[in-house]
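Welcome, and thanks for taking a look at this one. Please open the structure below, then follow the notes on two topics.

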Amino acid sequence: MFSLIGLTWALSSNAFLVMGDMPYTPIDEMNLAPTGALGKKIKTTEHAFLIHVGDMKSGSEPCKNELLEKNKQLLTSLTTQPFIYTPGDNEWADCDRKNLIPRYDELERLVYLKTLMFDDKYLEKANTLVDFQQQPSMHENARWRLADVEFITLHIAGTHNGRREVLKSDKQLAYQQADTRDANNLNWLAQANPTAKGYVIAFQADIYTHRTAQPACSKTQPEQCDGFKVYRDALAEFANTVKKPVLVIHGDTGPYCQQPLSENLTRLNVPGDFMFSDIAKVSLVQQDTDVTWQINSLKSGKPLKRICR
């Protein structure tokens, strides 16, 4: 049995927090401050870890070191539990936008971002998670376990994972890196532990809203293509193969909502992106051999009922 709404909490439940697309505004910063509405809630809410699915700054702000460092400090100070991060396009792929001053080579920003976020302090806490591992070929991808559920992060960012609007980097190099990212992501997904009772897969891009009628991107078709089709297909096949609950978590677009995609596959679009200055609390509940989960607003405590369209 797999349900996201109306579950009765049990003593065996475990909870984690997930957010994305913030801080974007002074309101976000105020809410995330230690005395803010969200900052105080985090401190008083039991949780095993906090996931940020990327876009830790607004796309209208230039990608200066100082801003990235400031927002990293704010986010990592929210919890004493492990803080898990996966990159968003606002931190690297969109840093070459024409309206930004200064503009940056997006590939240079990606190198800086990984160095900034995945430092020794980050890993020291992350390594306290059960069976925590990083992908050797792409360290931002990770996996760990909670309540017999396997968690997997994948580096899937907006702008079709760095394939669109390449304005300052060498395009061929950008496409090569996107091909490598795709191969690493799919390989990491394929290594999922078959003994898990369920899976939570987190990344930044809204691969469902930003679908196109174009063919899938590939080495032979790096442009005029859908950079997310390969992931939609892979996740659908994964859920159909494992025949266990799979929750895909992403940000990137405005609505805070969930959507059943198939019998075993559901997506959660986390709060953020100017529209919802909030954090989702996801509680895992073990019932015999099954795992179910309940999604609630951290701010109000109310269960998530909105369905993504």
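At what angle do helix α7 and helix α8 pack, and how far apart are their axes? In this predicted model, the angle between α7 and α8 is about 10°, and their axes lie 11 Å apart. The notes start with this helix pair and then move to the cavity.

**The helix pair**

- Helix α7 covers residues 171-190, while helix α8 covers residues 229-242.
- Because angles under 35 degrees count as roughly parallel, α7 is roughly parallel to α8.
- By class, seven nonpolar, one polar and two charged residues make up the contact of α7 with α8.
- On the α7 side, the contact involves Arg181, Asp182, Asn185, Leu186 and Leu189.
- Their partners in α8 are Val230, Tyr231, Ala234, Leu235 and Phe238.

**The cavity**

- You will find one cavity of 30 Å³ or more in the structure.
- The largest cavity holds about 30 Å³ of space.
- Its lining is formed by Ile84, Tyr85, Phe118, Tyr122, Phe132, Gln134, His139, Glu140, Ala142 and Thr153.
- Sorted by class, the lining of the largest cavity has six nonpolar residues, three polar ones and one charged residue.

**Strands around the cavity**

- At least two lining residues of the largest cavity come from each of β3 (83-85), β4 (130-135) and β5 (138-146).
- Strand β5 contributes the most to this lining, with three residues.

Methods
Residues are numbered from 1 along each chain as its sequence is written. This is a predicted model: local features need pLDDT of at least 70, side-chain atom pairs count only at pLDDT 80 or more; totals for chains, interfaces and linings use all residues. Side-chain values use heavy atoms; hydrogens and water are left out. On a 1 Å grid over the protein atoms alone, a cavity is a set of points where a 1.4 Å probe fits but cannot get out, and a pocket is an open set with protein on both sides within 12 Å along at least five of seven lines; lining residues have an atom within 4 Å of a point. Grid points are joined across faces, edges and corners, and a volume is the space filled by probe spheres set on the points. Helices (H or I, at least four residues) and strands (E, at least two) are DSSP runs, numbered from the N terminus. Ala, Val, Leu, Ile, Met, Phe, Trp, Tyr, Cys and Pro count as nonpolar, Asp, Glu, Lys and Arg as charged, and the others, Gly among them, as polar. Axes are lines fitted to C-alpha atoms, for helices over the stretch in contact, and angles run from 0 to 180 degrees between N-to-C directions. Angles under 35 degrees count as roughly parallel, over 145 as roughly antiparallel, 65 to 115 as roughly perpendicular and the rest as oblique. Contact means heavy atoms within 4.5 Å.
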